[in-house]
Amino acid sequence: MIEINYNPNEMLICTASRLMSDNSTAFIGTGIPMLAASLAQKMHAPNLMTIFEFGGMGAILDDLPVAVGGRRSFHKALSALGILDVIEMAGRGFIEYGFLGGAQIDPYGNLNSTVIGDFYKPKVRLPGSGGGNDVGSHCWQTIAIMRHDKRRFIEKLDFMTTPGYLSGPGAREAAGLPPGTGPFRVVTNLALLGYHPESKRMMLLATQPGVSVEQVLENTGFELLLADEIIENPQPSAQELRILREEVDKEKFYI
Amino acid sequence: MNILEEGIGELLQPPDIDAFREWNRKKNKSLTDKRMTEAEAVRRYIHSGDYIGTELYGSVRCPMSIVNEIVRQDIKNLRVVGQGVYETDILLAAGLVKEMDFTYIGLELYGISHVIRREIDSGRLGKIVEWSNGSLVWRFKAAAMGVPFIPVRSMLGTDTFKYSSAKLVECPYTGVPIALVPALILDVGIIHVHRADQYGNCQIDGISGFAYELSRASKTLIVSAEEIIPTAEIRRHPDRTIIPYYLVDAVVHAPYGSHPGEMCYLYERDEPHIQHWAEVSKTPEATQEYLDTYIYDIEDHQEYLALIGEERLKYLQDIVPDRG
């Protein structure tokens, strides 16, 4: 077996990329989701319909967008309209996947990107919702991409910016959110996680290569459910790494 | 309608649709030459305490020559709808912002805003009311429709709702809970476009962000344009007019008006400059030095461009792909 060198960030991007299926619609946020979407288009999903918050739909990600409203977010796109065109597209049920990030996530997949500490006397003032809340409210399935540690995976958020399953089964519908929507996966540097179909609590599905289940549990600040069978994700392939390094992030913005 | 819950955020700019109609009735509908300098537009139309908003998004088509002039004229106590990266950061850095309707303030790729924390700690930025990006633009849309609120399915069940001034009601048709967000009417809107004629008819290339909604939600609208074109050109392609003249109060000719941001098909964003801001904005001293260099110590946008240098600006044009 050939030994392949890669860093945890590259593994994270590859894991997220593999979740992006061809001919699906995906709302892409700043950072890792852009890299993952670009990699997916060059690997297995040439017709992944990328949707960027400020109005680009169907861009070909030859060059990595550095801003969700930037020129690259509608490069060779199929339409370049405005923010409401794409958010309302999600509102009418056209967008399958929404990719999100945050500083904190709880067992129900709720996300905080607003503030650490007290709202009025913050320890850290984070960027805020932006389109995060809209994506988490309207897309059918959301996928969170996070760094995995105890400060980020916590029982109770300092602030709930973006809805996951809120307080548990039925809570989204009770709050008025569209039925059948909600968190689908969490991709981290340590693991791939999903949600228990009944309890809606986060559940470990797979570990990243070389990471043990214990390591994942140690770095999670709440009780994590375990899938019946926990697999180990395949390493990034030589092809994935080559495309990622030489084509996706050739300007070295992220990796 | 049965109100189920209310956000605790203060309604910073209560919507008065009928007053907005009266205001619009009085606006000049004649084809008047509205060209003026940044200095004149800001002096005439932006006042201490005004509620203002900028479009588009931080480093993209951002009206920097106008924002820099606001800083130069030191117009304080602004209330700002905050959907920004670089331009809002500059207003905050200059200590001009008192209250914000907030959805995103950060430096995207380069992380969190350093100045906002200092403005909160100092107490200068006294009020922050939370919203989602969609909710804020729907608030503009309500104003554009001439109605006091609009129902939305964002923010439901979250703290973003709790710290907003939205209301949760039972839908009178389905009985399902739904959020109502109030129309947001700006005292002054500021938009940078690719082309405008002397009367303010505007064309934008590429994505239009929320220019359509914000321009129609503004009592006063300042437009800056990369290029001033003849009205005959506007009339040749009327389908390209996204902002018609009657919405506009000032037309400012501002080539490279988005620098260090980008203008699609014309010039790319100045990455090292934005990186530089991300770095220097970490400390008050370096922030002040930056503001001195690029704003306070210079006269106007032309001098700013001279400072950036022709070579640099040319380079930002040259790196636009497929530039015909």
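This is a predicted model: local features need pLDDT of at least 70, side-chain atom pairs count only at pLDDT 80 or more; totals for chains, interfaces and linings use all residues.
Helix 3 (residues 64-72) of chain B packs against helix 4 (residues 86-93) of chain B, with the axes 10 Å apart and at an angle of about 5°. Angles under 35 degrees count as roughly parallel, so helix 3 of chain B is roughly parallel to helix 4 of chain B. Helix 3 of chain B brings B:M64, B:V67, B:I70 and B:V71 to the contact, while helix 4 of chain B brings B:E87, B:I90 and B:L91. By class, six residues of this contact are nonpolar, none is polar and one is charged.

Next comes a sheet. Four strands of chain B form an open sheet in the order 1-7-8-6, with antiparallel pairing. Strand 1 (3-6) and strand 6 (149-152) of chain B are at the edges with a single partner strand each, so one side of each has no neighbour in the sheet. On average, neighbouring strands of this sheet are turned by 30° against each other, direction ignored. Strand 1 of chain B is joined to strand 7 (residues 167-170) of chain B by three bridges, and B:E5 has B:L168 as its bridge partner in strand 7 of chain B. Helix 6 of chain B lies across strand 6 and strand 8 of chain B, at about 145° to strand 6 of chain B.

Finally, chain B meets chain A: 43 residues of chain B are in contact with 45 residues of chain A. Here are the elements of chain B that give two or more residues to its side.

| Element of chain B | Residues |
|---|---|
| Strand 4 | 97-105 |
| Helix 5 | 114-122 |
| Helix 6 | 133-145 |
| Helix 7 | 159-162 |
| Strand 8 | 177-182 |
| Helix 8 | 211-216 |

By class, the side of chain B that touches chain A has 21 nonpolar, 14 polar and eight charged residues.

Notes. Residues are numbered from 1 along each chain as its sequence is written. Chains are lettered from A and ligands numbered from 1 in the order in which they are written. Two residues are in contact if their C-beta atoms, placed from the backbone, lie within 7 Å. Ala, Val, Leu, Ile, Met, Phe, Trp, Tyr, Cys and Pro count as nonpolar, Asp, Glu, Lys and Arg as charged, and the others, Gly among them, as polar. Two strands pair if DSSP finds at least two bridges between them. Axes are lines fitted to C-alpha atoms, for helices over the stretch in contact, and angles run from 0 to 180 degrees between N-to-C directions. Angles under 35 degrees count as roughly parallel, over 145 as roughly antiparallel, 65 to 115 as roughly perpendicular and the rest as oblique.
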